[in-house]
Protein chains: 4
Amino acid sequence: MAAVLRGSRNLWGRSLKHVDFTLVSSRSMASKTQVGFIGLGNMGKPMAKNLLKHGYPVIATDVFPESCKELQELGAQIVDNPAEVADQADRIVTMLPSSPNVIEVYTGPNGILKKVKKGSLLIDSSTIDPAVSKEMAVASEKMGAVFMDAPVSGGVGAASSGKLTFMVGGVETEFTAAQELLTCMGANVVYCGAVGTGQAAKICNNMLLAIGMIGTSETMNLGIRLGLDPKLLAKILNMSSGRCWSSDTYNPVPGVMDGVPSGNNYQGGFGTQLMAKDLGLAQATATNTKTPVPLGSLAHQIYRMMCARGYAGKDFSSVFQFLQEDENKEEGQ
Amino acid sequence: MAAVLRGSRNLWGRSLKHVDFTLVSSRSMASKTQVGFIGLGNMGKPMAKNLLKHGYPVIATDVFPESCKELQELGAQIVDNPAEVADQADRIVTMLPSSPNVIEVYTGPNGILKKVKKGSLLIDSSTIDPAVSKEMAVASEKMGAVFMDAPVSGGVGAASSGKLTFMVGGVETEFTAAQELLTCMGANVVYCGAVGTGQAAKICNNMLLAIGMIGTSETMNLGIRLGLDPKLLAKILNMSSGRCWSSDTYNPVPGVMDGVPSGNNYQGGFGTQLMAKDLGLAQATATNTKTPVPLGSLAHQIYRMMCARGYAGKDFSSVFQFLQEDENKEEGQ
Amino acid sequence: MAAVLRGSRNLWGRSLKHVDFTLVSSRSMASKTQVGFIGLGNMGKPMAKNLLKHGYPVIATDVFPESCKELQELGAQIVDNPAEVADQADRIVTMLPSSPNVIEVYTGPNGILKKVKKGSLLIDSSTIDPAVSKEMAVASEKMGAVFMDAPVSGGVGAASSGKLTFMVGGVETEFTAAQELLTCMGANVVYCGAVGTGQAAKICNNMLLAIGMIGTSETMNLGIRLGLDPKLLAKILNMSSGRCWSSDTYNPVPGVMDGVPSGNNYQGGFGTQLMAKDLGLAQATATNTKTPVPLGSLAHQIYRMMCARGYAGKDFSSVFQFLQEDENKEEGQ
Amino acid sequence: MAAVLRGSRNLWGRSLKHVDFTLVSSRSMASKTQVGFIGLGNMGKPMAKNLLKHGYPVIATDVFPESCKELQELGAQIVDNPAEVADQADRIVTMLPSSPNVIEVYTGPNGILKKVKKGSLLIDSSTIDPAVSKEMAVASEKMGAVFMDAPVSGGVGAASSGKLTFMVGGVETEFTAAQELLTCMGANVVYCGAVGTGQAAKICNNMLLAIGMIGTSETMNLGIRLGLDPKLLAKILNMSSGRCWSSDTYNPVPGVMDGVPSGNNYQGGFGTQLMAKDLGLAQATATNTKTPVPLGSLAHQIYRMMCARGYAGKDFSSVFQFLQEDENKEEGQ
């Protein structure tokens, strides 16, 4: 997956206030002490590298040993499992694919909490169900550690260039300590409230994003069929109450804007499959809180149908293409 | 219905380029000649008044004689039916509730086209199916007249203050002539393309607006239930890719913004019933052009369900209230 | 399109009471007098043939002269336009593709109503908006004629074999006269109420059918992925409250039933495009009556999306295939 | 909640084959040995009573001590927690509200698996996520025990009268042993396949049921507005391809059928809230298996919106009432 960030076009927008790099917490002494990092995938690896670049000794682990090699060559210490990371570092960042991985890495037999030191700061940047974040926070607290959820926005490119946005949930008094590390990896660090609210903010944004993108796509498609020029229609919408990020910053119609995936056959950007995953989280969260989300739910289904029809790897703005008539296509033959 | 326009918050946005008042067409001579006006309802009456204010003699008619009185007292000439208007004026503006009315007023037994003069300019500001606009254009052309569709955005308040936005479809060479009249009644006049595209632009915008409003409402509701502060959530969305007009300019959650209907128990603004009507047009247009509009279609259904549950007269942002849980309510008892 | 009727599996079910052939109306004398027939397409031609087979002299017309040839060879008299049909026959059946055609054939310059005889019986078997049926009834009544809507169920096969089902709306006292003709072409003739209710019944049935088919398809797909055997799942549903015509009579999963399109790569049956058309009518009717139809509306959108993705000509049960994951497919490349 | 079963109208249908009471497993000796029962709520209590009636000694527990009293008076032995039940009985039935309860009762600190005997048969009749059923099966197997999922259909009334339907998933060779107990509590016991498929079958049926019920409600509402008599429309649908359980056995329109909740102001029957819960499970399962369920998903949202508007306690067929226009209602005032 290529970067979502393309110049000023960022899935998380233009102007999240940049949090100044200010204090060091009591936890990290005068000098830069070791930081643990668990989960060295497409996102985690460049994030860990940025910690190294900022001078932090890194102690890391991953289920796939080969993922560790590159980081080891850059000077990171590699250990066997999360418990061993926790045995040595009192600040740990985790970046994992889904809720079950997070549960395993924190509470499993070789999990962080088996050997976590009292007072440790545990920052989970995975995108998961906020209910799981809360469970991890409770479990961590029992061991005397502090857990914060800090999911990121921005893709692999933003991770490499240190331009991620972090949405942070957790005890407010620990936010400054988290900032110290997160600003090494991201351009924006936003405090959202109690633990789980980082996840909540990300899920909410992405649900509304998906709705706006599908809505923009159907609207543009309808307008074009009614004889409107796509560029003119986009201009009218963007001056009017139909305006949204998907219409004015990431327009899904080829030729309307430059530098967005619609101009590049929907390559790069934010994959349909990843959007479907985030919408699944939104749906699960809505179900658990008995919240009606009719459009979010239908958006989820549409991205799911797209995955079933071969769009999994394309940018999520390819829903425009999915909805367009393709008279010559005969499927299933 | 109160005005949609509230300070700079306008359903049609902030900065549609103001079209300069420039030429007079060959049709209107040096001095200001009579302009016909048909349809003196809540919108039509203040529009006709603005023509009078700008010094145009107005000759008008309406099916309800009482609607004509006020205008007559202001100096307008009142005649019995559209044909008689067309008999005297070569520029006519029509403002009618729906497609059948437009068909009747143009092609009925006492319709405009019975007595229209060759070269007349007929401007229809009703919001109707673009297919009907096209039919009227064809019928007008047969009689040697020019038809343009010019639906408005902005409510009664904007009509009174002459701040409407007009979306204009029709032959481009006639646009300047239309502008001359429309700028007396509106702040913005946008040329959209061939006949019908004015309607298309309005329908498209309002469909995307409805999607964005419902999407924002479910997202805000979900976020609040997940523990996020509504103002902070709105701020995060507005800095991010979830941003849309409904989140940053007309937020549906009471207390997040000032000067919008959500702050006033959803009074004023743009009624749910009117939005449902526009979505019905969007749906009909999409059906006729075989265009899939899944979210627009569901938005239509949701506004329709709201009408069935007592929300017809509230601002369309009251969908937030509709989706919120109301544990104490027991309906149908 | 192949026949919908396949043995006892009929889109319109098993046991619509067969209406006895009883009386002759006052209109048709002792002997069989001429019957007019307008619209000789895929459906109309075999219907007209069945009238001939039953000994009725037929006088017919169609916009495509070549469509008339075959019928002429079988003994029908061919004339130039609907007005001429009406000039000679006092019982006329029309079978046309859509509302505008019906309006033209009845009220156009060479339409039936230009020369219709007082007391004529006009039966429209087209599937159109019930509002148009009502308009035609009013227009016919002004000329002293009786109009009835009698849309059919069953495809070309049923039309050929005289096994159509007719849903009839109109004045009840004229129903017997209509039956006399309709029983020549169909196995079931159901009286539904005032004019327009024939259309209403057909539209309602097909909307619920579409909902049931998509619902059955998603349910079967989900169950299969959860490890249930498709035949067993169908059996359980059919014994339980999930049971519907699509699960027990026309199951969309290949291999569950014999003799249905799902067993034949979704060839034959009732095309997705035709279902989309009927759902468009249902949607338009619901919009006009301000009736919320959330699932019907989404069903419409799904069939519309299927048309856009190459399923237009497949049986409407192919929605099962559309929803199934197809990992190897890469569209748009 | 009142009974779903009303005469022959049963959410799970008429004719699930009654499984003969045949063999005793090797586990239960010649005489009837103790059966454990955990979860004595509205459903569990009458189920446990039926085991007592059939002569099985019962050893039971519940988190609420007061729930145990009645059973104790009938001769059951009450113990403190699930582990103690497992310590004494080698056949245990559990009936709990949701997945987390099941996890706790099986794998918690005082859970069944702490003291389960090798070879024990554990039958869970809760309605939960099939993925959790599978986890419990794996955990049980590690301890040498057999786990089966056997969710029920039918409400409190069916539980009291021993007329429940059980959908059973698990190792086929153990099915006979499970039958022995389940036939004491239910009229139908259906084997569905591997562990989890009992849950899958129930979830699938209820999802399709919800779709059919909403679809029937919108269709009936639309037809009535188009002038059709409700009873005639129901009759036409039931003879045709629109037919489903909700139209022919549990019609949601007051006055169409006798003996169903629609005839009793939607009292009794299967509550909207319970349907929303089951649809939440269906949605979660679909999300986890990446299965598109567009109508199921929208049905979930509609039942969720109904809960938010005061319909939680009414029968799920009250969606007809929810969709009907109620012009006089002004909410939120």
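B:Asp229 caps the N-terminal end of helix H10 of chain B, with a side-chain oxygen 3.1 Å from the backbone nitrogen of B:Lys231. This is a predicted model: local features need pLDDT of at least 70, side-chain atom pairs count only at pLDDT 80 or more, and totals for chains, interfaces and linings use all residues. Residues are numbered from 1 along each chain as its sequence is written, chains are lettered from A and ligands numbered from 1 in the order in which they are written, and side-chain values use heavy atoms, with hydrogens and water left out.

**Helix H10 of chain B**

- H10 of chain B spans residues 230–239. Helices (H or I, at least four residues) and strands (E, at least two) are DSSP runs, numbered from the N terminus.
- The buried residues of this helix are B:Leu232, B:Leu233, B:Ala234, B:Ile236, B:Leu237 and B:Met239. Buried means under 20% relative accessible area, exposed over 50%, and partly exposed in between (1.4 Å probe, protein chains only).
- These buried residues pack against strand E8 (164–169), strand E9 (186–193) and H9 of chain A. Helix H9 (197–225) of chain B joins in that packing. Contact means heavy atoms within 4.5 Å.

**Chain A and its listed site**

- Chain A has 14 helices and nine strands.
- Of its 333 residues, 65% are buried.
- Take the contacts in chain A between residues at least 6 apart in sequence: 68% of them join residues at least 24 apart.
- UniProt lists A:Lys202 for "active site", in an unreviewed entry. UniProt positions are given in the numbering used here, feature names are shortened, and annotations may be inferred rather than shown by experiment.
- A:Lys202 lies in helix H9 (residues 197–225) of chain A. A:Lys202 counts as buried because its relative accessibility is 10%.

**Where chain C meets chain D**

- The contact takes 63 residues from chain C and 64 residues from chain D.
- The area buried between the two chains is about 5300 Å², and carbon and sulfur atoms give 67% of that area. Buried area is the accessible area (1.4 Å probe) that two parts lose on being put together, summed over both.
- In chain C, C:Leu208, C:Ser241 and C:Arg243 lose the most area to chain D. Together they make up 14% of what that side buries.
- Two salt bridges are counted between chain C and chain D. A salt bridge is a side-chain nitrogen of Lys or Arg within 4 Å of a carboxyl oxygen of Asp or Glu.
- The side chains of C:Arg243 and D:Asp248 meet in a salt bridge, 3.0 Å from N to O.
- Elements that give two or more residues to the chain C side include strand E9 (186–193), helix H9 (197–225) and helix H10 (230–239) of chain C.
- H9 of chain C gives the most to that side, with 19 residues.

**Salt bridges within chains**

- Over all chains, a search of the whole structure finds 16 salt bridges.
- B:Lys49 forms one with B:Glu70, the closest N and O atoms being 2.6 Å apart. B:Lys49 lies in helix H1 (residues 44–53) of chain B and B:Glu70 in helix H2 (residues 65–73), so the pair ties together parts that are 21 residues apart in sequence.
- B:Lys49 is partly exposed, with a relative accessible area of 25%. B:Glu70 is partly exposed too, at 35%.
- In chain A, a network of salt bridges links A:Lys45, A:Lys49 and A:Glu70.
- The side chains of C:Arg91 and C:Glu180 meet in a salt bridge (3.2 Å, N to O). This pair links strand E4 to helix H8 (residues 175–185) of chain C, 89 residues apart. C:Arg91 and C:Glu180 are buried.

**A loop residue: C:Pro97**

- C:Pro97 sits in the loop between strand E4 (91–94) and helix H4 (99–107) of chain C.
- C:Pro97 counts as exposed, at 54% relative accessibility.
- Beyond its neighbours within four places in sequence, C:Pro97 is in contact with C:Thr127 and C:Lys277.

Conventions
Polar contact = N/O pair within 3.5 Å; in protein donor to acceptor, adjacent residues only side chain to side chain.
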